[in-house]
Amino acid sequence: MNTRRIVITAAFLILAGAAVIGWFKVVAHPTPVACGYCLRPLHANVKVTAEIDGKRAEVCCPRCAITEANQEHKPVRLITVHDYSTGKAMSPDKAWYVEGSRVLACDHGAMHMDEMKDTQEMAYDRCSPGTLTFATKQEAADFTAANGGAVISFEQLMSEAKFQ
């Protein structure tokens, strides 16, 4: 009788623990699905973890984080970036970046219209020029050969952040 009670109690505790862990992951700390600054969808191969003025956020691309920091007049720190080819997380200072390619990292889901329902040309985009991350300089160069753009280092990228 004691063995049965112990088995039932252990099973109940395991189920209760699984429920608590599930609640914690889904309700209390859900995985972000939108950029913390522009609310565009996050894509695994271009997302960035950035910190502006001590506040961390998952961001759609490095350019969005730098633009936000410049608009807020606060310093930015890139914590992790993801390789465009593999989606693997890596240190931002070891990565190479491609700016201005034909590939759009952060896309728009809707057409812009004025009050007369005429379409409007986009004059400003906080994520432009698109900035993609690569693990090696050679991968970045191969990408630019096929898609255009310019290969830049982490130092060159961060020089565009005005409030460091």
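The legends below describe close-up views of a predicted model.

**View 1. Four strands form an open sheet.**
The strands lie in the order S2-S1-S3-S4, and their pairing is antiparallel. Strand S2 (55-59) and strand S4 (89-90) stand at the edges, where each has a single partner strand, so one side of each has no neighbour in the sheet. Helix H2, made of residues 62-72, packs on the sheet and touches S1, S2 and S3. The direction of H2 makes about 10° with that of S1.

**View 2. Strands S1 and S3 pair in the antiparallel sense.**
Five bridges connect S1 with strand S3, which covers residues 76-82. In this pairing Ala50 stands opposite Leu78 in S3.

**View 3. Thr49 sits in strand S1.**
Strand S1 spans residues 48-52. Is Thr49 buried or exposed? Thr49 has a relative accessible area of 11%, and because this is under the 20% cut-off, Thr49 counts as buried. Leaving aside residues up to four places away in sequence, Thr49 touches Ala57, Glu58, Arg77, Leu78, Ile79 and Thr80.

**View 4. Strand S6 is covered on both faces.**
S6 consists of residues 131-134. On one side are Thr131 and Thr133, on the other Leu132 and Phe134, and all of these are buried. The partner shown here is strand S5 (residues 96-99), which pairs with S6 in the antiparallel sense over four bridges. Trp96 stands opposite Phe134 in S6.

**View 5. Tyr84 and Phe143 form an aromatic pair.**
The count of aromatic pairs comes to four. In the pair of Tyr84 and Phe143, the ring centres are 5.5 Å apart and the planes make an angle of 70°, an edge-to-face arrangement. Which parts of the chain does this pair tie together? Tyr84 lies in the loop between S3 and S4, whereas Phe143 lies in helix H3 (residues 137-147), so the pair ties together parts that are 59 residues apart in sequence.

**View 6. Tyr84, Phe134 and Phe143 form one aromatic cluster.**
Tyr84 is partly exposed, with a relative accessible area of 23%. Phe143 has a relative accessibility of 10% and counts as buried. Phe134, the other member of the cluster, is a buried residue of strand S6.

How values were computed. Residues are numbered from 1 along each chain as its sequence is written. This is a predicted model: local features need pLDDT of at least 70, side-chain atom pairs count only at pLDDT 80 or more; totals for chains, interfaces and linings use all residues. Side-chain values use heavy atoms; hydrogens and water are left out. Helices (H or I, at least four residues) and strands (E, at least two) are DSSP runs, numbered from the N terminus. Buried means under 20% relative accessible area, exposed over 50%, partly exposed in between (1.4 Å probe, protein chains only). Contact means heavy atoms within 4.5 Å. Two strands pair if DSSP finds at least two bridges between them. Axes are lines fitted to C-alpha atoms, for helices over the stretch in contact, and angles run from 0 to 180 degrees between N-to-C directions. Rings of Phe, Tyr and Trp (its six-membered ring) pair if their centres lie within 6.5 Å; planes under 30 degrees apart count as stacked, over 60 as edge-to-face and the rest as tilted.
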